[in-house]
Amino acid sequence: YSSEWETCDKLREADKDLLKYLKVKHIFDMMVENKKVKFGLSITSSEKADKEKRYCDFDLYSVPYPGTEFFTEFRTKQMCAEKMHFDWDQTFVNAELKLPNSPIVNDIPLDWLEYKTWNLIELTSSYMMLLIKCLGEGEGGLLLHCISGW
């Protein structure tokens with residue numbers, strides 16, 4: 001059992017080393033879950049779920065965003081994103097918006113605490129504004145991921 005943990009620990013360290021080699025400074029995690037459960041197994045690709053805080057050298061952005069299943073509603077809502085709101089009260093949704101305290105975040109004139117009230121356009125444009133500002137003004141590269149990237 002301990003050898004499995006040692007292997008996992010080595011893989012996390014290799015992941016961190018690769019991110020540093022690629023000069024990644026900002027990690028945007030778009031998962032709406034802290035850990036994903038697939039076929040009854042708890043899995044994760046989320047740096048925010050790392051209890052050992054191995055990713056503390058990076059700026060972590062927990063920016064929960066609806067997955068592909070949410071967008072099947074797009075057609076039923078007559079392709080009107082203004083009418084689309086994600087249901088943040090679903091039982092599997094446990095990730096919260098968490099942003100680093102930095103000038104990049106603080107210079108954007110938004111009340112980030114209101115993100116659960118935003119429609120799809122507001123949510124998407126707010127996250128895009130943050131991503132673009134981070135790429136333009138931030139130091140280092142950016143990793144953007146969600147569980148669908150597996």
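## A tour from the aromatic pairs to the sheet

Start by selecting Tyr55 and Phe58: both are buried, where buried means under 20% relative accessible area, exposed over 50% and partly exposed in between, with a 1.4 Å probe and protein chains only. Before moving on, note that this is a predicted model, in which local features need pLDDT of at least 70 and side-chain atom pairs count only at pLDDT 80 or more, while totals for chains, interfaces and linings use all residues. Residues are numbered from 1 along each chain as its sequence is written, and side-chain values use heavy atoms, with hydrogens and water left out.

**Aromatic pairs**

Stay with Tyr55 and Phe58 and show their rings. The ring centres are 6.1 Å apart and the planes meet at 45°, so this pair is tilted. Rings of Phe, Tyr and Trp (its six-membered ring) pair if their centres lie within 6.5 Å; planes under 30 degrees apart count as stacked, over 60 as edge-to-face and the rest as tilted.

Next, select Tyr65 and Tyr127, another tilted pair, with 6.1 Å from centre to centre and 50° between the planes. Tyr65 sits in the loop between S4 and helix H2 (73-76) and Tyr127 in helix H4, so the pair ties together parts that are 62 residues apart in sequence. Helices (H or I, at least four residues) and strands (E, at least two) are DSSP runs, numbered from the N terminus. Tyr65 is buried at 16% relative accessible area, and Tyr127 is buried at 4%.

For a cluster, select Phe70, Phe86, Trp88 and Tyr115, which ring pairs link together.

Now pick Lys16 in helix H1 (residues 2-21). Is Lys16 buried or exposed? Lys16 is buried, with a relative accessible area of 14%. Leaving aside residues up to four places away in sequence, Lys16 touches Arg54, Tyr55 and Phe58; contact here means heavy atoms within 4.5 Å.

Click through to Arg54, in the loop between strand S3 (41-43) and strand S4 (59-62). Arg54 is buried too, at 13% relative accessibility. Which side chain makes a polar contact with the side chain of Arg54? Select Asp9: its side chain does so, at 2.2 Å. A polar contact is a pair of N or O atoms within 3.5 Å; within protein, one must be able to donate a hydrogen and the other to accept it, and residues adjacent in sequence count only if both atoms are side-chain atoms.

**The nonpolar core**

Select Val63, Trp112, Tyr127 and Leu130, which have the most contacts inside the largest nonpolar core, a set of 25 residues. Such a core is a set of buried Ala, Val, Leu, Ile, Met, Phe, Trp, Tyr and Cys residues joined through side-chain atoms within 4.5 Å. Helix H4 gives the most to this core, with six residues. Centre the view on Val63: not counting residues up to four places away in sequence, it touches Phe28, Asp29, Met30, Leu97, Leu99, Tyr127 and Leu130.

**The sheet**

Finish in cartoon view with an open, parallel sheet of three strands in the order S4-S1-S5. Strands count as paired if DSSP finds at least two bridges between them. The edge strands, S4 and S5, each pair on one side only. Strand S1 (residues 24-29) is mostly covered, with five of its six residues buried. Five bridges join S1 to S5 (residues 141-145), and Val24 stands opposite Gly141 in S5. Towards S4 there are four bridges, and Asp29 has Ser62 as its bridge partner.
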